[in-house]
Amino acid sequence: MSSEVWVIATLLSSIVLIVVTIVKGKIHPFLALLLASFYVGTLMGMEPLKMVSAMEEGIGGTLGFLAAVIGLGTILGKMMEVSGAAERIGLALQRCRWLSPDVIMVLVGLVCGITLFVEVGVVLLIPLAFSIARKTNTSLLKLAIPLCTALMAVHCIVPPHPAALYVTNQLGADVGSVIVYGLVVGLFASLIGGPLFLKLLGKRVPFKEVPAAFADIKARDEATLPTLGASLFTVLLPILLMLAKTVAELNMDHASHLYVVLEFIGNPITAMFIAAFTAYYVLGIRQQMKMEGLLNKTEECFSSIANILLIIGAGGAFNGVLKASGLGDSLATILSQLDMHPILLAWLVAIVLHAAVGSGAIGCTMVTDSLFWLVKQYCGATLNETLKYYTTATLVASLMALAGTFLLSFIV
């Protein structure tokens, strides 16, 4: 067997191993990724100690940067949740009479999704969808699908979310630029995959009322919510700080003191640190919350990210073995000889993995993804209806994101 065939077979079989152990074996992704790391290292002939060392370096190198940013981002998202800031933004958009209800849900998902994990965003914002559905007599599917598609898009491609931040860091890309381009592509994909796609289907989308099980879920009293200015300032602060760093790098003298300051506060860790303490004050203390209560909320949100940090760390271990074994370099050489654009190849790999394990990419959201079940339950839809409308909508959004990325590759 030639070395090229062996490399490809090793990589493909390792992916199959990950998918099968997670989906069929019901093994936690953390363990599945570590198992795949040992598997690849063994097949590539690595020495046992070198293999373990590569895994350790992979975990440390990955989490060294991401753990801090994800932890700080989780605090910011939690403060958006407990204060009602996300709802305030949604209510403000709802008053824009020139926006249709489905477009409002896309914008709410896109803005609030910057700091909210996707599942948290759905649970937090679905009462707003219930309220708009009742007021406008709109099918809940036509509101929930755009909301979830936008939340998924921003979660997958916009830092400081884990996957987007990891890829940005690995590629050495500028975070501010990735945020801007990610939001543009995310908005484009969400509008077409959500409102436009459902509008083209027209009356074929069944009318769904708020299910009886969720009929008592209502949006919070508007008087208890923070102001729109405070809500937008808090959610956009880290983005503005990181964008300021990008502008400084392009337009300022790198020896100036102001440039050094902007570089410092625009670093993702510093920006998220500033934003987290700003959220404590603006969305917490000014809303009559005590620091003891904020401490409890912080501990709650930290416990919720332990799982994702372990998975990211194990992914770093797998990546470390791929590099140290030489498989990564060999694969790069092989792929450079293929007649396939690297963007298309990356999209294909991501979409297949998402279908298999339920995370990591926009599109092909199926029974393996928790979002699929959230949409089904909240909309009172059947399994077939959810597959027919939501899964297809996410696939359309994914194709539009692919097209948007291709377009950007010719411009940037």
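Predicted model: local features only at pLDDT ≥ 70, side-chain atom pairs only at ≥ 80, totals over all residues.

User: Good to know. How many salt bridges are there?

Analyst: The count comes to two salt bridges. In one of them, D174 pairs with K245, and their closest N and O atoms are 3.8 Å apart. D174 sits in the loop between helix 8 (162–171) and helix 9 (175–201), while K245 belongs to helix 10 (residues 228–251), so this pair links distant parts of the chain, 71 residues apart.

User: And are D174 and K245 buried or exposed?

Analyst: Both D174 and K245 are buried.

User: What about the salt bridge of K208, which residue does it meet?

Analyst: K208 meets E385, with an N to O distance of 3.0 Å between the side chains. K208 is in the loop between helix 9 and helix 10 and E385 is in helix 17 (residues 383–411), so the pair ties together parts that are 177 residues apart in sequence. K208 and E385 are buried as well.

User: Let's switch to helices. How do you describe two packed ones?

Analyst: Two packed helices are described by the angle between their axes and the distance between the axes.

User: OK, so at what angle do helix 6 and helix 7 pack?

Analyst: Helix 6 (residues 118–136) and helix 7 (residues 141–157) pack at about 155°, and their axes are 10 Å apart. That angle makes helix 6 roughly antiparallel to helix 7. Their crossing is right-handed.

User: Which residues make the contact?

Analyst: On the helix 6 side they include V118, G121, V122, L125 and I126, and on the helix 7 side they include L143, A144, L147 and C148. By class, the contact of helix 6 with helix 7 has 13 nonpolar, two polar and no charged residues.

User: How does helix 6 cross helix 16?

Analyst: The axes of helix 6 and helix 16 (residues 370–379) come within 11 Å and cross at roughly 20°. That makes helix 6 roughly parallel to helix 16. Helix 6 passes helix 16 in a right-handed crossing.

User: And which residues meet there?

Analyst: V118, E119, V122, V123, I126 and F130 of helix 6 meet S370, L371, L374 and Y378 of helix 16. The contact of helix 6 with helix 16 divides into eight nonpolar, one polar and one charged residues.

User: What about helix 2 and helix 3, at what angle do they pack?

Analyst: Helix 2 and helix 3 pack at about 140°, with their axes 10 Å apart.

User: Why isn't that called antiparallel?

Analyst: Roughly antiparallel needs an angle over 145 degrees. Helix 2 and helix 3 are therefore oblique to each other. Their crossing is right-handed.

User: Who touches whom between helix 2 and helix 3?

Analyst: From helix 2, L34, S37, F38, G41 and T42 meet M51, V52 and M55 of helix 3. The contact of helix 2 with helix 3 holds five nonpolar, three polar and no charged residues.

User: Staying with helix 3, where is K78, and is it buried or exposed?

Analyst: K78 is found in helix 3 (residues 48–83). K78 is buried, because its relative accessible area is 15%, and the cut-off for buried is under 20%.

User: What does K78 touch?

Analyst: Leaving out residues up to four places away in sequence, K78 touches K297, E300 and C301.

User: Now V205. Where does that one sit?

Analyst: V205 is in the loop between helix 9 and helix 10. At 5% relative accessibility, V205 counts as buried. Not counting residues up to four places away in sequence, V205 touches L141, K142, L198 and Y389.

User: How far is V205 from A150?

Analyst: V205 and A150 are 19 Å apart in space, C-alpha to C-alpha, and 55 residues apart in sequence.

User: Last topic: backbone angles. What is the phi of K26?

Analyst: Phi of K26 is near 60°, a positive value in a residue other than glycine. K26 lies in the loop between helix 1 (3–23) and helix 2 (29–43). K26 counts as exposed, at 67% relative accessibility.

User: And the phi of Q288?

Analyst: Q288 has a positive phi of about 70°, although it is not a glycine. Q288 lies in the loop between helix 12 (268–284) and helix 13 (291–324). At 67% relative accessibility, Q288 counts as exposed.

User: Thanks, that helps!

Definitions and conventions
Residues numbered from 1 in each chain as written. Heavy atoms only, no water. Helix = DSSP H or I, 4+ residues; strand = E, 2+ residues; numbered from the N terminus. Buried < 20%, exposed > 50% of the residue type's maximum accessible area, 1.4 Å probe, protein only. Contact = heavy atoms within 4.5 Å. Salt bridge = Lys/Arg side-chain N within 4 Å of Asp/Glu carboxyl O. Axes fitted to C-alpha atoms, helices over the stretch in contact; angles between N-to-C directions. Parallel < 35°, antiparallel > 145°, perpendicular 65-115°, else oblique. Left-handed = near helix turned anticlockwise from the far one by under 90°. Nonpolar A, V, L, I, M, F, W, Y, C, P; charged D, E, K, R; others polar.
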